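Here's a quick briefing to read alongside the model. Have the sequence and the 3D view open before you start.

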Amino acid sequence: MATAAEDRPTGIDFGGSGIKAAAVDLDEGDFATDRVRIDTPQPATPDAVAEVLAELLNELPDSSGPVGVTVPGVVRHGVVHSAANIDDAWIGTDADALFTEATGRDVHVVNDADAAGLAEVRYGAARGQRGLVVVTTLGTGIGSAMVYDGVLVPNSELGHLEIDGHNAESRAANSAREREELSWEAWAKRLTRYYSTLEALFSPDLIVVGGGVSKHSAEFLPLLEIETPIVPAVLRNKAGIVGAALVAERELRG
Ligand code: BGC
């Protein structure tokens, strides 16, 4: 049975520069409304973000369904447990409870890469792929989602693997490419080191590369020297919102 328009879940993507929301049609894996956006408050403390979520939901008055929100940190049962690239105040915050209270809606948080991974497996670059899919997002940090036969193992945090004595994301994230003004070739070498470590540890069947830089994948993916098939994400900047909405709907069904 199709979901009534107002009961559709809403996905919210909490990013470094903007917080974006849309109601999502889970049959299509696409937005059911226009996307609304508000600049990320600075500092982006949990309370400041909660206020923005309430404002965004007011701008989407036709939806009353559950709400999923991405968070760039470890999330267990609604509580945030790490804050590599966000305000330290997030650590220990029960974000499900805070956001539910602030918005009056049924809100569930999910790690940002896990949301993107679920969306790519269900609707995008890894649709129909059996076995182990590793979805990575290359941005300020490196996010990861491990999905086996469609089932997510949450909070894999593969951006923080120690490789050659470094926290991997400090060398291979897109922010490292920008900060150090690396050529595509130089960055591809670092990515080869990173992805060959993932290969050695997990033997994935498919690797998906997301994050804003994935729109330039033609510049760097062909330069990677790894065995595993590696493809760009296809949902691009919709993946977080769509994946968060998927999580909200699942939580509702329990
Ligand atoms: C965080 C992850 C997050 C990733 C992408 C990492 O630094 O530890 O939780 O998924 O950045 O935002």
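How many salt bridges does the rule count here? The count comes to 6 salt bridges, where a salt bridge is a side-chain nitrogen of Lys or Arg within 4 Å of a carboxyl oxygen of Asp or Glu. Bear in mind that this is a predicted model, so local features need pLDDT of at least 70 and side-chain atom pairs count only at pLDDT 80 or more, while totals for chains, interfaces and linings use all residues. Residues are numbered from 1 along each chain as its sequence is written, and side-chain values use heavy atoms, with hydrogens and water left out.

**A salt bridge up close**
- R8 and D25 pair up through their side chains in a salt bridge, at 4.0 Å from N to O.
- R8 sits in the segment before β1 (10-14) and D25 in strand β2 (residues 18-25), so this pair ties together parts 17 residues apart in sequence. Strands (E, at least two residues) and helices (H or I, at least four) are DSSP runs, numbered from the N terminus.

- The chain splits into domain 1 (10-114 + 238-253) and domain 2 (128-233), with bounds from an automatic or database domain assignment.
- Taken over C-alpha atoms, the centres of domain 1 and domain 2 are 24 Å apart.
- In contact terms (heavy atoms within 4.5 Å), 9 residues of domain 1 meet 12 residues of domain 2.
- About 770 Å² is buried between domain 1 and domain 2, with carbon and sulfur atoms giving 46% of that. Buried area here is the accessible area (1.4 Å probe) that two parts lose on being put together, summed over both.
- On the domain 1 side, N85, A113 and D114 supply 60% of the area buried against domain 2, more than any other three residues.
- Between domain 1 and domain 2 the count is 0 salt bridges, but 3 residue pairs are in polar contact across the interface, both at pLDDT 80 or more. A polar contact is a pair of N or O atoms within 3.5 Å; within protein, one must be able to donate a hydrogen and the other to accept it, and residues adjacent in sequence count only if both atoms are side-chain atoms.
- β6 (75-76) and α3 (112-123) each supply at least two residues of the domain 1 side that touches domain 2.

**Around the ligand**
- E157 has a side-chain N or O atom 2.5 Å from an oxygen atom of the ligand.
- For H160, a polar side-chain atom lies 2.7 Å from a ligand oxygen, and for E169 the value is 2.9 Å.

- Most residues other than glycine have a negative phi, and most peptide bonds are trans.
- The peptide bond from Q42 to P43 is cis, with omega near -5 degrees; P43 is in the loop between β4 (36-39) and α1 (46-58).
- D149 has a positive phi, near 45 degrees, and lies in the loop between β10 (142-148) and β11 (151-153).
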